[in-house]
Amino acid sequence: MQRTYRQKQRLITPLVTTAVVALLPLAAACGNEKAGGGEQAGSGSVGTERPVTGVRWNVDSVTVDGRTHRAHGDTHLTFDKKTGKAGGRLGCNHVNAKATVDPEATVDPQATVDPKATVRDGHITLGAPSTTRMMCDASLMDTEKTLLSLFNSTLSYRVDADTLTLTSENGNTLRAVAEK
């Protein structure tokens with residue numbers, strides 16, 4: 001009887017191993033997609049393509065002259081296609097300016113796409129900024145001064161899943177993330 005058990009075990013073990021090896025990739029893929037999750041590109045998740053307009057972009061950092069400055073405070077921008085304006089907060093003060101976004105794609109917010117396909121490029125022309133005139137902590141004022149340098153110019157933009165990158169002609173960049 002011992003011999004029969006061992007013979008069966010020798011037959012079953014390779015079959016179980018083959019089944020596990022065959023099913024493992026399927027199990028790993030199961031439940032890995034999140035519709036509208038806005039996951040980072042290359043994560044294997046399905047995300048929703050973000051338009052440039054109509055989204056609150058929370059500013060993460062600004063790079064000027066090769067130095068990256070983290071945004072402080074409630075720093076955000078929005079671009080309104082209907083009014084042709086940009087608005088938001090620069091850390092301390094509120095800002096408004098004329099804005100033209102070109103090209104602006106029409107996006108179905110319920111559609112899910114491969115995040116690798118969500119990359120779009122274009123240009124945003126920002127007019128002269130008008131701001132409130134409050135004085136704040138030095139770090140907030142520094143963030144504001146850095147952000148104001150991007151106005152009154154044409155910036156190239158890149159939307160990659162939930163991240164917006166604005167780049168000026170001289171290479172200064174702003175990185176912002178879509179509010180969830």
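This is a predicted model: local features need pLDDT of at least 70, side-chain atom pairs count only at pLDDT 80 or more; totals for chains, interfaces and linings use all residues.
Q: How many salt bridges does the structure hold?

A: The structure holds seven of them. One of these joins Glu179 to Arg56, whose closest N and O atoms are 3.3 Å apart. This pair links distant parts of the chain, since Glu179 sits in the segment after β10 while Arg56 sits in the loop between α1 (2–29) and β1, 123 residues apart. Glu179 counts as partly exposed because its relative accessibility is 40%, and Arg56 counts as partly exposed at 25%. Another salt bridge is formed by the side chains of Asp60 and Arg70, at 2.7 Å from N to O; here Asp60 lies in strand β1 and Arg70 in strand β2, 10 residues apart. Asp60, at 27% relative accessibility, is again partly exposed.

Q: How should I read the two faces of a strand, and which residues of β10 are on the covered face?

A: The general idea is that in a regular strand the side chains alternate between the two faces of the sheet. In strand β10 (residues 173–178), the covered face carries Leu174, Ala176 and Ala178, whereas Thr173, Arg175 and Val177 are on the uncovered face.

Q: Which strands are joined to β10 by bridges, and how do they run?

A: Strand β1 (residues 57–64) is joined to β10 by six bridges, and the two run antiparallel; within this pairing, Thr63 stands opposite Thr173. Strand β9 (residues 163–167) is joined to β10 by five bridges, and this pair also runs antiparallel. Here the bridge partner of Thr167 is Thr173, so that residue of β10 is named in both pairings.

Q: What lies between β9 and β10?

A: These two strands form a hairpin, with five residues between them. In the turn, Gly171 has a positive phi of about 95 degrees.

Q: How many disulfides are found, and which residues are joined?

A: A disulfide is a covalent bond between the sulfur atoms of two cysteines. A search of the whole structure finds one, and it joins Cys92 to Cys136, with 1.8 Å from S to S. The link of Cys92 and Cys136 is right-handed, with 70 degrees about the S-S bond. Cys92 is buried, because its relative accessible area is 0%, whereas Cys136 is partly exposed at 27%.

Q: Which residues of α2 are buried, and why do they line one face of the helix?

A: The buried residues of α2 are Leu140, Thr143, Glu144, Thr146 and Leu147. Seen down the helix axis, these residues fall within an arc of 165 degrees, so they line one face of α2. Ala138, Asp142 and Lys145, on the other side of α2, are exposed. The elements that cover the buried residues of α2 include β1, β2 (67–70), β3 (74–80), β4 and β10.

Q: What does Thr100 touch, leaving aside residues up to four places away in sequence?

A: Thr100, which lies in strand β5 (residues 94–102), touches His123, Ile124 and Thr125. Thr100 and His123 are 23 residues apart in sequence, and their C-alpha atoms are 8.1 Å apart in space. At 49% relative accessibility, Thr100 counts as partly exposed, because the exposed class begins over 50%.

Technical notes: Residues are numbered from 1 along each chain as its sequence is written. Side-chain values use heavy atoms; hydrogens and water are left out. Buried means under 20% relative accessible area, exposed over 50%, partly exposed in between (1.4 Å probe, protein chains only). Helices (H or I, at least four residues) and strands (E, at least two) are DSSP runs, numbered from the N terminus. Contact means heavy atoms within 4.5 Å. A disulfide is a pair of cysteine sulfur atoms within 2.5 Å. The arc is that of the directions from the helix axis to the C-beta atoms. A salt bridge is a side-chain nitrogen of Lys or Arg within 4 Å of a carboxyl oxygen of Asp or Glu.
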